[in-house]
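Please open the model in a viewer and keep the selection tool at hand.

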Amino acid sequence: MLKRQGLRAKLLVTFIAVGIVPAGIIGAFAIVNAVSSLSKAAFEKIDAVGTIKKNQIQGYFEQRLKDIEVLSGDKIILEAMEKIHAGAESDGMVTGGSMWMYFSNESDKRLETYKKKYNYYDLLFVSPDGDVIYTGNKESDLGQNAVSYTHLRAHETVLDLVCRLLLEK
């Protein structure tokens with residue numbers, strides 16, 4: 001009777017092993033495939049979000065460039081810019097001088113309208129030399145050089161610099 005039970009136990013262990021080992025191997029392959037599929041899906045979603053964000057940023061800057069085109073042709077903006085620049089020049093390119101202050105204050109209300117209309121945080125005029133000669137908010141960038149070569153990286157164009165500075169804020 002012990003020999004029969006030993007044979008029965010051996011057969012039982014063998015049949016269980018024959019059933020469990022393939023199931024374990026199939027399970028392991030399923031887990032590896034699931035992990036691979038989930039990782040791939042996650043990276044595809046990340047790529048999709050990256051593409052969406054890239055398109056949003058490009059759209060934002062395209063819209064800002066269109067705004068600049070519209071505003072640069074506006075007579076009120078052009079007149080204000082010319083007066084403020086002339087005031088700064090008459091004061092020796094110093095912002096805060098009497099002529100600059102007169103033309104700046106004269107233009108503030110009209111330019112504030114544009115700032116609100118386009119939902120801008122601030123409106124800046126930059127002289128051909130890169131000096132910020134007007135800022136609606138009168139913040140620390142007033143009188144600074146917006147495109148000084150200390151800020152411009154070796155591989156950047158001025159447009160790259162402006163885009164980078166906008167993104168950093």
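**The nonpolar core**

Begin by selecting Ile77, Ile84, Leu111 and Phe125, which touch the most other members of the largest nonpolar core, a set of 15 residues. Such a core comprises buried Ala, Val, Leu, Ile, Met, Phe, Trp, Tyr and Cys residues joined through side-chain atoms within 4.5 Å; buried means under 20% relative accessible area with a 1.4 Å probe, protein chains only. Helix H2 (75-90), helix H3 (98-117) and strand S2 (132-135) each give two or more residues to this core. Helices (H or I, at least four residues) and strands (E, at least two) are DSSP runs numbered from the N terminus.

The model is predicted: local features need pLDDT of at least 70 and side-chain atom pairs pLDDT 80 or more, while totals for chains, interfaces and linings use all residues. Residues are numbered from 1 along each chain as its sequence is written, and side-chain values use heavy atoms, without hydrogens or water.

Next, select Leu111. Beyond its neighbours within four places in sequence, Leu111 is in contact (heavy atoms within 4.5 Å) with Ile77, Ala80, Ile84, Leu123, Phe125 and Tyr134.

**The hairpin**

Now display strand S1 (residues 124-126) with S2: the two pair in the antiparallel sense over three bridges, where pairing requires at least two DSSP bridges. Five residues lie between them in the hairpin, and Gly130 in the turn has a positive phi of about 95°.

**Thr135**

Finally, select Thr135 in strand S2, opposite Leu124. Thr135 counts as buried because its relative accessibility is 0%. Its side chain makes a polar contact of 2.3 Å with that of Asp122; a polar contact is a pair of N or O atoms within 3.5 Å, within protein one able to donate a hydrogen and the other to accept it, with residues adjacent in sequence counted only if both atoms are side-chain atoms.

How values were computed
Buried < 20%, exposed > 50% of the residue type's maximum accessible area, 1.4 Å probe, protein only.
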